[in-house]
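This report covers a helix contact, a sheet and some aromatic pairs. Please keep the sequence and the structure at hand while reading.

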Amino acid sequence: MSERGSNAWPARFAKPEHTVIVGTGIAGATAALTLRTEGYQGRITLVGAEAEVPYRRPPLSKEVLRGTVKGERIRLKPDTYWSEHAIELRTGTTVAAVDTGAASVTLADGEVLGYRNLVLATGSSPRELPEAVGVPGVHYLRSLRSATTLAAALAGRGPVTVIGGGLVGLEIAASARALGCAVSVLEAADRPMSRVLPAWLADPLSALHWDRGVEIHTGVTVARIEHHPRRGGCTVSASNGRAWSAATVVAAVGTVPDTGLAQAAGLLVADGIVVDEYGRTSASGVFAAGDAANLPDMLHGGRRRGEHWNEAMEQGAAVATTIAGVLTPYPRLPWSWSDQHGVTIQVCGRPDLATEHEVHGDPEARDASVVFRRLGRVVGVVAMSRPAEFRALRQLALAAEGGR
Ligand SMILES: Cc1cc2nc3c(=O)[nH]c(=O)nc-3n(C[C@H](O)[C@H](O)[C@H](O)COP(=O)(O)OP(=O)(O)OC[C@H]3O[C@@H](n4cnc5c(N)ncnc54)[C@H](O)[C@@H]3O)c2cc1C
């Protein structure tokens, strides 16, 4: 395989060959379309369990819940795109098994597809809240289908309790409030978005929610959820004795990578499908990208799993470029965004590792950018309502990390 920069087509690629991609999320879809833009001549089959053609997931907790954008408007590409680019799109189709020895996958209906390269872009699923197991009426948000169901529940305008004050939980809370619901967020940590924001940046965000009528209760551990079949709704009780009655309960307590297929195939799995910096798994010709992949952290050591849109997209593109013949590492600097009550919060790198920081603007007013440094080196950037500044500062962080 050539390094990036060489255009030579690798002689070992006997055409026609077949790349099978499992998962029609952003990682899988980007892998398919990048293969074509990189000049890949082989057959491409993109298989996804969801019934819909590939669509953008981030609007689900925002515009789709608020009803300002319909499901058809969030499609990644026009419906004809896939056939026009000779990508065989198989929606509503689950891959039931992978046989790495025979280099084939078996679909749920028994059909067997041989592959030269296989990309596992199986994504992740909402983490199930133990206290909600078997309790009817607790919602999770991941797919367009679940967004449609939740949107219908929120249209009832009753009180909503969101369990989990991370990115998705806070966006659901903001959308439910915009629809006129009374909303409480229950968060176990001492602040919302605690995994990505220091307290002095999370506090103004909390204040924004309170200003807009969303109650955020921190340090709350859910002990029990009781469903009321007759009057409808649930009561959520916390271990501190407090209880919240809600017409709609949503659990948003993180995600777990979908690794069942990989594990059954004997691939190395540890909080995700274990890959190297090029997305290669422990089996020859098998790659993993997106939320499902667990990759080496090339900047800070150890391993990590991305759970964000841009990272999944960039990984899908990198893996495809590698398959097309130009060995391409995964980008090393993750970044993400969130929209809450009209404020866009953007985060890149690892602010949590910083030893010092430099603030531009006013975090209290949710109008600021912050550069985080560790021993003088930029390790992260956070921006609130400053997208242009974020773009520029992200370049600074990229430059500090060697360009990617
Ligand atoms: C509501 C919501 C809002 C979000 N908002 C933001 C945001 O504002 N900013 C941000 O950076 N990130 C956001 N994210 C995160 C981002 O959307 C994800 O990181 C990204 O979609 C992951 O893409 P993926 O392709 O790896 O996986 P997924 O999008 O999960 O796609 C995986 C696909 O694989 C399919 N699949 C799994 N197993 C099989 C199988 N055996 N056979 C066939 N198909 C299979 C699944 O059905 C699924 O369609 C949000 C996520 C959610 C749920």
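The sections below take up the helices, then the strands, then the rings.

The model is predicted: local features need pLDDT of at least 70, side-chain atom pairs count only at pLDDT 80 or more, and totals for chains, interfaces and linings use all residues. Residues are numbered from 1 along each chain as its sequence is written, and side-chain values use heavy atoms, with hydrogens and water left out.

**Helix contact**

Helices (H or I, at least four residues) and strands (E, at least two) are DSSP runs, numbered from the N terminus. The axes of helix 1 (residues 26-37) and helix 8 (residues 309-323) cross at roughly 35 degrees and come within 7 Å. Axes are lines fitted to C-alpha atoms, for helices over the stretch in contact, and angles run from 0 to 180 degrees between N-to-C directions. On the side of helix 1, the contact (heavy atoms within 4.5 Å) is made by I26, A27, T30, A31, T34 and L35. Helix 8 contributes residues including W309, M313 and G316.

Three strands form an open sheet in the order 14-15-16, with antiparallel pairing. Its edge strands, strand 14 (222-227) and strand 16 (243-246), each pair on one side only. Two strands pair if DSSP finds at least two bridges between them; strand 14 and strand 15 (residues 234-238) have five, in the antiparallel sense. H227 stands opposite C234 in strand 15. From one strand to the next, the twist averages 15 degrees.

R224 lies in strand 14. With a relative accessible area of 46%, R224 is partly exposed. Buried means under 20% relative accessible area, exposed over 50%, and partly exposed in between (1.4 Å probe, protein chains only). Leaving aside neighbours within four places in sequence, R224 is in contact with E131, T235, V236 and S237.

**Aromatic pairs**

The structure holds three aromatic pairs. Rings of Phe, Tyr and Trp (its six-membered ring) pair if their centres lie within 6.5 Å; planes under 30 degrees apart count as stacked, over 60 as edge-to-face and the rest as tilted. Two of the pairs are tabulated.

| Pair | Centre distance | Plane angle | Class |
|---|---|---|---|
| Y81 and W82 | 5.2 Å | 80 degrees | edge-to-face |
| W200 and F372 | 6.2 Å | 35 degrees | tilted |

The second pair links distant parts of the chain: W200 is in helix 6 (residues 199-211) and F372 in strand 27 (residues 367-374), 172 residues apart. F372 is buried, at 3% relative accessible area, whereas W200 is partly exposed, at 30%. Y81 and W82 are both buried.
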